[in-house]
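Q: I would like to go through this model with you. Could we take it topic by topic, beginning with a single side chain?

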Amino acid sequence: MSKTGDPLREQFNVQKQGAKRRGVPWRLAFWEWLQIWEESGHLNDRGPLKGQWVMGRNGDLGAYEAGNVKIIRCEQNNIFAVRARHARARNNADQ
């Protein structure tokens, strides 16, 4: 049993804290987060492993907020993250 007694709210809190740890703004209320996941049809397939689904940010940039997130395969999110990291490194090198 989770600390909140609600496993979905606990999953929400874990994702929110992960974003905070990485310095990514979080602007989703629980009900928004849940709606995004439910509409994706992959709520029960969430996870960080190959073949599982994650909430990714468009271009791996900006906040976790409505309109800037989508539910995608973990491996696709990893590709976006690497591309964004390389782009940031190039931009920093150019400055």
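Q: Asn77 first: is it buried or exposed?
A: Asn77 is buried, as its relative accessible area is 16%. Buried means under 20% relative accessible area, exposed means over 50%, and partly exposed lies in between, computed with a 1.4 Å probe on protein chains only.

Q: Where is Asn77 found?
A: Asn77 is found in helix α3, residues 74–94. Helices (H or I, at least four residues) and strands (E, at least two) are DSSP runs, numbered from the N terminus.

Q: And what does Asn77 touch?
A: Leaving aside residues up to four places away in sequence, Asn77 touches Val54, Gly56 and Ile72. Contact means heavy atoms within 4.5 Å.

Q: How should I read the numbering and the values?
A: This is a predicted model, in which local features need pLDDT of at least 70 and side-chain atom pairs count only at pLDDT 80 or more, while totals for chains, interfaces and linings use all residues. Residues are numbered from 1 along each chain as its sequence is written, and side-chain values use heavy atoms, with hydrogens and water left out.

Q: Back to those contacts. Where does Val54 point in β1?
A: Val54 and Gly56 point one way from β1, and Trp53, Met55 and Arg57 point the other way. In general, side chains in a regular strand alternate between the two faces of the sheet.

Q: Why is β1 described as largely enclosed?
A: Because 5 of the 5 residues of β1 are buried, the strand is largely enclosed by the rest of the structure.

Q: What stands opposite Val54?
A: Ile72 in β2 stands opposite Val54. The strands β1 and β2 run antiparallel and are joined by 5 bridges; two strands pair if DSSP finds at least two bridges between them.

Q: Changing topic: how many salt bridges does the structure hold?
A: The structure holds 2 salt bridges. A salt bridge is a side-chain nitrogen of Lys or Arg within 4 Å of a carboxyl oxygen of Asp or Glu. In general, side chains of opposite charge can pair when their charged atoms come close.

Q: Which residue pairs with Asp60?
A: Asp60 forms a salt bridge with Arg57, and their closest N and O atoms are 3.1 Å apart. Both Asp60 and Arg57 are buried, with Asp60 at 12% relative accessibility.

Q: Where is Asp60, and what else does it touch?
A: Asp60 is found in the loop between β1 and β2. Not counting residues up to four places away in sequence, Asp60 touches Phe80, Ala81, Ala84 and Arg88.

Q: What is its phi?
A: Asp60 has a positive phi of about 55 degrees, although it is not a glycine. In general, most residues other than glycine have a negative phi.

Q: And which residue forms a salt bridge with Glu65?
A: Glu65 forms a salt bridge with Arg27, the closest N and O atoms being 3.6 Å apart. Glu65 lies in the loop between β1 (53–57) and β2 (69–73) and Arg27 in the loop between α1 and α2, so this pair ties together parts that are 38 residues apart in sequence. At 26% relative accessibility, Glu65 counts as partly exposed.

Q: Now the helices: at what angle do α1 and α2 pack?
A: Helix α1 (residues 7–21) and helix α2 (residues 30–40) pack at an angle of about 100 degrees, and their axes are 10 Å apart. Axes are lines fitted to C-alpha atoms, for helices over the stretch in contact, and angles run from 0 to 180 degrees between N-to-C directions. The two helices, α1 and α2, are therefore roughly perpendicular to each other; angles under 35 degrees count as roughly parallel, over 145 as roughly antiparallel, 65 to 115 as roughly perpendicular and the rest as oblique.

Q: Which residues meet there?
A: From α1, Leu8, Arg9, Gln11, Phe12 and Gln15 meet Phe30, Trp33, Leu34 and Trp37 in α2.

Q: Which residues of α2 are buried, and what covers them?
A: In α2, the residues Phe30, Glu32, Trp33, Leu34, Ile36 and Trp37 are buried. Their cover includes α1, β1 and β2.

Q: Finally, in what order do the elements run?
A: From the N terminus on, the order is α-α-β-β-α.
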